[in-house]
Amino acid sequence: MQLIYPMGLLAIFTLLYAALVLATRIKAYRQGDVKARYLREFTDDTPPSYMQKPTRHWSNLFELPVLFYAVCLAILVLNLSDTVFIYLAWSFFVMRLIHALIHTTYNHVLHRLGAFIIGHLIILAMWVRLLMMVPAS
């Protein structure tokens with residue numbers, strides 16, 4: 001059951017991250033960097049970088065993490081959770097935090113890519129390990 005903690009914290013992080021997205025959109029609108037029309041349709045304007053990065057990262061939080069939630073749920077349902085899966089899950093959670101920090105601050109592409117690849121490999125390891133542990137029927 002300890003697998004639920006990194007899952008839950010990633011979900012909470014994702015939900016709280018929405019506040020940053022909202023704050024940057026409000027700031028961009030109030031400073032005149034985007035028009036209300038842009039916020040309605042997301043066309044006809046180029047938002048400032050300080051708004052684009054959190055918005056793009058918000059989308060990222062619904063991409064690779066979906067595979068994390070799925071593998072964790074499968075592990076829990078099949079009652080296969082163990083120390084290795086727990087460490088992998090926590091590692092993925094930490095990599096997502098690092099990825100978010102890089103993406104929304106100094107945004108060095110190679111650093112961000114490194115965090116993404118490590119997270120990707122963790123999810124791959126979790127899925128491969130899960131499939132190897134499932135008994136053939």
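**Entry 1: ground rules**

I count a residue as exposed when its relative accessible area is over 50%, as buried under 20%, and as partly exposed in between. I also remind myself that this is a predicted model.

I started with backbone angles. Most residues other than glycine have a negative phi. Asn79 has a positive phi of about 55° although it is not a glycine. I found Asn79 in the loop between α4 and α5. Its relative accessibility is 67%, over the 50% cut-off, so I count Asn79 as exposed. Asn107 lies in the loop between α5 and α6.

**Entry 2: helix α1**

Next I checked the length of α1. Its 27 residues should span 39 Å at 1.5 Å a residue, and I find its end C-alpha atoms 40 Å apart, which agrees. Gly32 follows this helix, and its phi is positive, near 80°.

Which residues of α1 are buried? My list reads Pro6, Met7, Leu10, Thr14, Tyr17, Val21, Thr24 and Ala28. I then looked for what covers the buried residues of α1, and the cover includes α3 (49-60), α4 and α5.

**Entry 3: Leu3**

Leu3 sits in the segment before α1. Is Leu3 buried or exposed? At 0% relative accessibility, Leu3 counts as buried. Leaving out residues up to four places away in sequence, I see Leu3 touching Cys72, Ile75, Leu76, Ser81, Phe85, Ile86 and Ala89.

**Entry 4: the nonpolar core**

I went on to the largest nonpolar core, which has 22 residues. The members that touch the most other members are Leu3, Phe68, Cys72, Ile75, Phe85, Phe92 and Met126. Helices α1 (4-30), α4 (64-77), α5 (83-104) and α6 (109-133) each supply at least two residues of this core. Which of them gives the largest share? That is α5, with 8 residues.

Not counting residues up to four places away in sequence, Ile75 touches Leu3, Leu80, Ser81, Phe85, Met126 and Leu130.

**Entry 5: aromatic rings**

How many aromatic pairs does a search of the whole structure find? I get 5. One of them joins Phe13 and Tyr17 in a tilted arrangement, 5.7 Å centre to centre with 55° between the planes. Both residues lie in helix α1, 4 residues apart, about one turn of the helix. Tyr17 is buried, with a relative accessible area of 6%.

Trp58 and Phe62 make an edge-to-face pair, 4.9 Å centre to centre and 70° between the planes. Trp58 is partly exposed, with a relative accessible area of 24%. Phe62, at 47% relative accessibility, counts as partly exposed too.

I also picked out one aromatic cluster, formed by Phe68, Tyr69 and Phe92. Phe68 and Phe92 are already in my notes on the core.

**Entry 6: charges over rings**

Last, I looked for charged groups over rings. Lys27 lies over the face of Tyr50, at 4.3 Å from the ring centre. The charged end of Arg129 sits over the ring of Phe85, 4.5 Å from its centre. Phe85 keeps turning up: it is in my contact list for Leu3, and in the one for Ile75.

Notes. Residues are numbered from 1 along each chain as its sequence is written. This is a predicted model: local features need pLDDT of at least 70, side-chain atom pairs count only at pLDDT 80 or more; totals for chains, interfaces and linings use all residues. Side-chain values use heavy atoms; hydrogens and water are left out. A nonpolar core is a set of buried Ala, Val, Leu, Ile, Met, Phe, Trp, Tyr and Cys residues joined through side-chain atoms within 4.5 Å. Buried means under 20% relative accessible area, exposed over 50%, partly exposed in between (1.4 Å probe, protein chains only). Contact means heavy atoms within 4.5 Å. The expected span of a helix is 1.5 Å times one less than its number of residues. Rings of Phe, Tyr and Trp (its six-membered ring) pair if their centres lie within 6.5 Å; planes under 30 degrees apart count as stacked, over 60 as edge-to-face and the rest as tilted. A charge sits over a ring if NZ of Lys or CZ of Arg is within 6 Å of the ring centre and within 35 degrees of the ring normal.
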